[in-house]
Amino acid sequence: MTAGTTARGAARRTEIIDAAIEVMAQVGLAGLSMRLVAGQARIPLGALSYYFNDKSDLIAQSFAQLSDREIDRVVATAEQLEPSMPAEQLADLVADMIIDGFSSPRGAIVTRYELVTEASRDERLRPMFEAWYAAMIPALSRLFRELGSHQPELDARTVMAVMAGLEIDNLYRPLGPVDKRRIRATLRHAFTAVIALHNT
């Protein structure tokens, strides 16, 4: 049994990936090095070889870990969305998910976009990125279908586009109280507009 397959080894690998996520958020993929990750994780450089074959393997495993966590967050939020809720409440639940994503864990959202860009160059990373949409689109589609939409998937993709835009618009600096209010207001407007279409 290798260091990476024991329970302790798996936990240590997760910690190293979290360190890599922070490094990628600070210096980007271009500046990422195994030495920087080892320093951030406070382990000897040689110890990384117990967990990762090389830098490419570290990047792939980082993307997988981020993707799995993001899907868990998306599913947890989607399970709370009910058609009986007012548009504002639905929007606020989605806004909470987006706002939480800026700080949980530190640097994750910046690194996610770094890795999404890398997925445009490396097709091995694309399935993990697509898994996020595969988790969210059906959940939102179900919601809009139950609300009476004749185009529930289109409504879901419209809201997803707004969500992605809000993330990108706020990616370059720390999220402040005003930014959080704007995120909530924008999503409330989007949900209200989409739901109003079903009632006309």
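Predicted model: local features only at pLDDT ≥ 70, side-chain atom pairs only at ≥ 80, totals over all residues.

Colleague: Which element has the lowest mean pLDDT, and which the highest?

Modeller: Helix 6 is lowest, with a mean of 80. Helix 2, residues 34-41, is highest at 94.

Colleague: On to packing. How many residues are in the largest nonpolar core, and which touch the most other members?

Modeller: That core has 33 residues. Ile98, Leu140, Phe144, Met163, Leu187 and Phe191 touch the most other members. Helix 3 (55-78), helix 4 (87-101), helix 5 (108-119), helix 6 (126-146), helix 7 (152-169) and helix 8 (177-198) each supply at least two of its residues. Helix 4 gives the largest share, 9 residues.

Colleague: Take Ile98. What is it in contact with, leaving aside neighbours within four places in sequence?

Modeller: Met163, Leu166, Glu167, Ile183 and Leu187.

Colleague: And what does the second, separate core include?

Modeller: That one has 27 residues, among them Ile16, Met34, Val37 and Phe52.

Colleague: Now Glu70. Buried or exposed?

Modeller: Glu70 has 8% relative accessibility. The cut-off for buried is under 20%, so Glu70 counts as buried. Glu70 sits in helix 3.

Colleague: Which residues is Glu70 in contact with, beyond four places in sequence?

Modeller: Arg112 and Trp132.

Colleague: Different topic. What volume does the largest pocket have, and which residues lie nearest its centre?

Modeller: The volume is about 250 Å³. The lining has 14 residues, and Phe102, Gly107, Ile109, Val110 and Leu171 lie nearest the centre. Helix 1 (7-31) and helix 5 are the elements that give two or more residues to this lining. Helix 1 gives the most, with 3.

Colleague: What is the lining of the largest pocket like by class?

Modeller: It has 8 nonpolar, 3 polar and 3 charged residues.

Colleague: Last one. Which residue has a positive phi although it is not a glycine?

Modeller: Arg42, with a phi of about 60 degrees. Most residues other than glycine have a negative phi.

Colleague: Where does Arg42 lie?

Modeller: In the loop between helix 2 and helix 3. Relative accessibility is 79% for Arg42. Exposed means over 50%, so Arg42 counts as exposed.

Conventions: Residues numbered from 1 in each chain as written. Heavy atoms only, no water. Core = buried A, V, L, I, M, F, W, Y, C linked by side-chain atoms within 4.5 Å. Buried < 20%, exposed > 50% of the residue type's maximum accessible area, 1.4 Å probe, protein only. Helix = DSSP H or I, 4+ residues; strand = E, 2+ residues; numbered from the N terminus. Contact = heavy atoms within 4.5 Å. pLDDT = per-residue confidence, 0-100. 1 Å grid on protein atoms, 1.4 Å probe; cavity = no way out; pocket = protein on both sides within 12 Å on 5 of 7 lines; lining within 4 Å. Points joined across faces, edges and corners; volume = space filled by probe spheres on them. Nonpolar A, V, L, I, M, F, W, Y, C, P; charged D, E, K, R; others polar.
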